[in-house]
Structure formats: structure tokens, C-alpha cells
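Hi,

Here is the structure I said I would pass on.

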Amino acid sequence: MLMYRKLPLLLLFLLTVSLSTVRAQFTLTGEIRPRVEFRNGFKTISRASDDPAAFIEQRSRLYFVYKQDKMKFNLTLQDVRIWGNVSQIFKEDPALSNVYEAWVVYYFYVAFLVKAGRQALNYDNARFLGNLAWAQQARSHDALLFKYEGKSGLKAHLGGAFNQNVPFEPGKLSGTFYSGVNNYKTMQYLWLHKAFDKTAKLSALIFNDGRQTIKNAGTPDADTTMSYRQTYGVLGSTKLGNIKLDGEFYYQGGQNAAGVDVDAFLGSFSATYKTNLTPLTIGFDYVSGTNQNVDGSVSGKDNSFNPLYGTNHKFYGLMDYFYVGNGFSNVGLIDIFFKTKFKLSKKAALIAHYHHFESEATIPGQDANSLGDEIDLVFNLNLAKGANLKIGYSQMFATDAMGVIKGRTANTNDFNNWAWVMLTIKPTLFTTKKKNQ
């Protein structure tokens, strides 16, 4: 709460600086995003004895952006809470109030810059590196990033990070052991992108993440061994008349956090045909998994591809059964999908998705790999500038095999659904125009 007590002073300072600085621009944007959810089998199969869950979660943000000559500064404050989570009169608040982004950019020249601080990493279709915008808290990294973006359509980003969980600097006088945090200790990546006119584009990614081996944490015998995993990816798209083709392939090697060798991959392909009424997209995702023994144990290499820092909610069904929270499974995934979007008016549209899911690896005790089918419907309405309303409904038709990988094999419901309503209000509260020198 201390952060918000200092907010008026911070705002006054930024406004004063922005109004008095030559060739500077300051913008203050707000955001209020409440979302009502009804969960009856969201993320996992519901049991017959389970009552549905219902709640309202709200994200509130303030975006401060300051630009001057060769510098750009961004500070994003956010508060994420469940309605009614605290008493009306309280001194302690369990809600998340934090700094989502806090970074500065320095332009060496127009095409080359350095960016440092807490920042969202959102690349290409967000398959592997995404800002997780659907989640109210979203995702950001503490990183250093060098960018080159030339007029020829070539972009090159080189980034890296080194993490420590130290409460305060005086408390850390020796050692760099990193534990107790679900995060990499260090990472480096290179992203290359080339656009070819307006018909085709190609991207390549090399990502290395290092995790501390968790052995004897917090003791003098703590193991400081690092396990490094590498991910190599290539993505491309092109247009052939009314058909747009998208393809991507990722390979993972190195070692996982347990020190086991990794040999995994992900492949995806889709084709979109643009009609006068609606675009029609058909495609598949093939995510490798690890075969299990009869007793459920695993031997040999880790063949399960991990999308790590991507926005998985966007790809594998909106009900988040796979690769989100408790939805990750080492059996891999085959996702055959059909997607379309009906334009109802200038401001309204209906999005419809169908997914058929199968496991890529064998499931112990199961003759078939079919996991089920999911239908997702989203109504989108742009109410006004900076105001949007979304209404969603999803239905999961799960199989017995889905129950096995979810650890729910008895007294489960065949009827699993999820409904939600989200209102986003994001107005520009204040802005100044650049002044001429």
C-alpha cells in the first residue's frame, strides 16, 4: 500500500517535468478491467460432488510514459484483486499490488536502442515468449535488451537476465544460490525477424535458460549446479491470394531443472482462407511428449516440449487444460483446430473455435490417446474508444484418458463448462504534445 500512498507525489512530479521540458511528451493512461467468471470444469474435469466456482476479479492499472529526445521511460502500476476479498475496514490486504513494468529506453540512434528494467517480452504470435495479457497479473521479466530495427524490415533483438531472490542488498554477502522462485536464474536470447513486403515474414529465435539445481537448498551443502536448456525456433507466414499460411517449428535440447537431458519439439501449421463473410482457419499443433512406463514412471530423456514463457491460453483451448498452471502434462499434445470470426457489425464480432485433443505419448492403462473436444465462443463488442466488452462460453467434452492425466478418474462430470464476462475501460487521462525547440 506504500506504493499507492506515494502515487500523488509521483504523478505531480511527472506532470511538472513533462510540462516544463522542451521536446518532451508525457502520457498517463488508466485501466479498469473487471472479469466475472463461472467455472464448472475450468482447467480440470469437475467431480460430481464439486460445486461450481463464481467470482469477480479486477485489474486496475496506471501507465506512465515519458519521452524526451533519446530517452523513453515507462512505469506501469497494477492492482489485482477479487471483489470482496477483504473486509470493508481492514489493515492487511491480500491483493496483488505491484509494479508490472518499469523500464527505460535509450536511443543510440533511430534504429538502435537499449532497454533495461522490468518489461514484458512479447514476440511473434506469443507462442514461446508472450506477455500473458489474458491473466490479470500478466507476465514480465527483469531484463536488459538491445534492439536493432532498420528500415529494410530487418529486426534483431538481443536480451538477457540474471536473477537473485534477495530481500535487501545488505542481506546477501556471499553466494548466488537461487531457489524458492519458479523462474530461471539466468537467460539469454536472440530474436531475428525479416518482413518481405506485406505478403511474407520470417522469424528465428534462440533462447537459453538456466535453472538452479534444487538440492540441499538453504544449507551449507547447497548444490550450485546449473542446468541449461536451449530452445531453437523458426516461424514464417505468407499469403497466396486469399489464403494465408502460417508455420512454426521449435526444438528443445540441453537439460531440464532436474538435470535430465531434453530432446523435444513443437510443430504447428495453419491455413486461413479469407471469404466475403468470415475467415476460415484450419490447422494443428503437435507438441512432443514423454512415454511413460506402466507404473507411470519415466525413464530416459525428457521428450516433453515446454512452451515456457508463452501465452498458452491463446493456443490450446480457452479452458486452459494444457500448459497453463496445473494443466501441464508430460504426455504432449496433438491439437487439431478450426477457427473463425463472424463480423456482426462495425463494432461487434463473434469468435468461434473448435479443438480436438489427443496425447502425443502413450498414457498408461489407456488404449486410445483421445483426450476430448472443446468449443469456445467469444462475443467481442467495442463500446467506444478505450472501452471494450467480451462475453465468453466454453464447453469441454473430456474422455477417460483426460481424467487419467488430470488425476481425476472417479465420480467426474461429463458436463464441463466455463462462462465469463469482461469489461475493459482504458482511457487516456492526460497527455502533452511535443514542443518545438
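Let's start with the aromatic side chains. One aromatic cluster is formed by Tyr123, Phe128, Tyr184, Tyr189, Trp191, Phe207, Tyr250, Phe305 and Tyr309. Keep in mind that this is a predicted model, so everything here is computed from it.

The count of aromatic pairs comes to 24. One of them brings together phenylalanine 42 and tryptophan 418: the pair is tilted, with 4.6 Å centre to centre and 40° between the planes. It links distant parts of the chain, since phenylalanine 42 belongs to the loop between strand 1 (24-40) and strand 2 (53-68), while tryptophan 418 is in strand 18 (residues 416-425), 376 residues apart. Both phenylalanine 42 and tryptophan 418 are buried. Another tilted pair is tyrosine 109 with phenylalanine 112, at 6.2 Å centre to centre and 40° between the planes. Here tyrosine 109 is partly exposed, at 48% relative accessibility, and phenylalanine 112 is partly exposed too, at 26%.

Two lysines also sit over rings. The charged end of lysine 115 is over the ring of tryptophan 103, 4.2 Å from its centre, and lysine 194 lies over the face of phenylalanine 196, 5.9 Å from the ring centre.

Next, the charges. There are twelve salt bridges by count. Which residues does arginine 127 meet in salt bridges? One is glutamate 248, at 3.1 Å from N to O. Glutamate 248 lies in strand 11 (residues 243-254) and arginine 127 in the loop between strand 5 (112-119) and strand 6 (141-149), so this pair ties together parts 121 residues apart in sequence. The other is aspartate 285, also at 3.1 Å, N to O. Aspartate 285 is in strand 13 (residues 279-287), 158 residues apart from arginine 127. Glutamate 248 and arginine 127 are buried, and aspartate 285 is buried as well.

Elsewhere, glutamate 37 forms a salt bridge with arginine 35, with the closest N and O atoms 3.2 Å apart. Glutamate 37 is buried because its relative accessible area is 2%, and arginine 35 is buried at 3%. Salt bridges that share partners join Arg35, Glu37 and Arg39 into one network.

Cheers

Notes:
Residues are numbered from 1 along each chain as its sequence is written. This is a predicted model: local features need pLDDT of at least 70, side-chain atom pairs count only at pLDDT 80 or more; totals for chains, interfaces and linings use all residues. Side-chain values use heavy atoms; hydrogens and water are left out. Rings of Phe, Tyr and Trp (its six-membered ring) pair if their centres lie within 6.5 Å; planes under 30 degrees apart count as stacked, over 60 as edge-to-face and the rest as tilted. Helices (H or I, at least four residues) and strands (E, at least two) are DSSP runs, numbered from the N terminus. Buried means under 20% relative accessible area, exposed over 50%, partly exposed in between (1.4 Å probe, protein chains only). A charge sits over a ring if NZ of Lys or CZ of Arg is within 6 Å of the ring centre and within 35 degrees of the ring normal. A salt bridge is a side-chain nitrogen of Lys or Arg within 4 Å of a carboxyl oxygen of Asp or Glu.
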